[in-house]
Amino acid sequence: MSTGKPSRRLNAEDWVTAAIAALGESGLTGVAVEPLAKRLGATKGSFYWHFKDRGALVDAVLARWEQLGTDEVIARLDALPDPVERLRLLFTEVIEYATEGREELALLAAIDQPVVADAMRRVAARRIEYVAAQLQLLAVPARQASTRAAVAVGIYHGINQLARVAPETLPATGELVDDIVGRLLGPAQSSPRRSETQ
């Protein structure tokens, strides 16, 4: 943690990056002006140059969390031609994040705050919608695809919590991905990983 003077003029992005790190370490209460200023070796005046108040910073943190954890992930997945490959990569990445990242659990702990609840609701809906769309590309009927997608996103949240409570109980990432994708596709369409069949 830095407590000296910054070597360059801080911008809003620096404050948001530090706030996201603090969120993962200390929860939403860690996203506060004074401790962040100390972390960055800055003054509170630097903060107020970029943000009206703490609420504006929280809004920026939530927007960045949504961008990094949803928008950019979807954009990266969409570069793959095969929906099954997209689903495999998606769940590989989110399981790895679930076992290491702490920001999402910190936000869940603050779900009673309307701004957090709105962001998490929006992200959950978009994730479910994306998984369902991939399943529909694989001929899963729309209603069934939505149900399976909701279950899959629920499984992710469960893994996220289990990784904190009893990480030793989690199977290897590859096994979890095989099981989740197999369940998503159903008996008629589940198949071994490409690397095992080539």
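This is a predicted model: local features need pLDDT of at least 70, side-chain atom pairs count only at pLDDT 80 or more; totals for chains, interfaces and linings use all residues.

If we set aside neighbours within four places in sequence, V131 is in contact, that is, has heavy atoms within 4.5 Å, with L87, L90, F91, A149 and L184. Residues are numbered from 1 along each chain as its sequence is written, and side-chain values use heavy atoms, with hydrogens and water left out.

V131 also belongs to the largest nonpolar core, which has 29 residues, and together with L87, F91, L135 and L184 it touches the most other members. By such a core I mean buried Ala, Val, Leu, Ile, Met, Phe, Trp, Tyr and Cys residues joined through side-chain atoms within 4.5 Å, where buried means under 20% relative accessible area with a 1.4 Å probe, protein chains only. Two or more residues each come from α4 (54–77), α5 (83–100), α7 (114–137), α8 (142–165) and α9 (173–185), the helices being DSSP runs of H or I, at least four residues long, numbered from the N terminus. The most, 7 residues, come from α5. There is also a second, separate core of 28 residues, with I20, V33, A110 and V123 among them.

In soluble globular proteins, nonpolar side chains tend to be buried together.

Notes. Buried means under 20% relative accessible area, exposed over 50%, partly exposed in between (1.4 Å probe, protein chains only).
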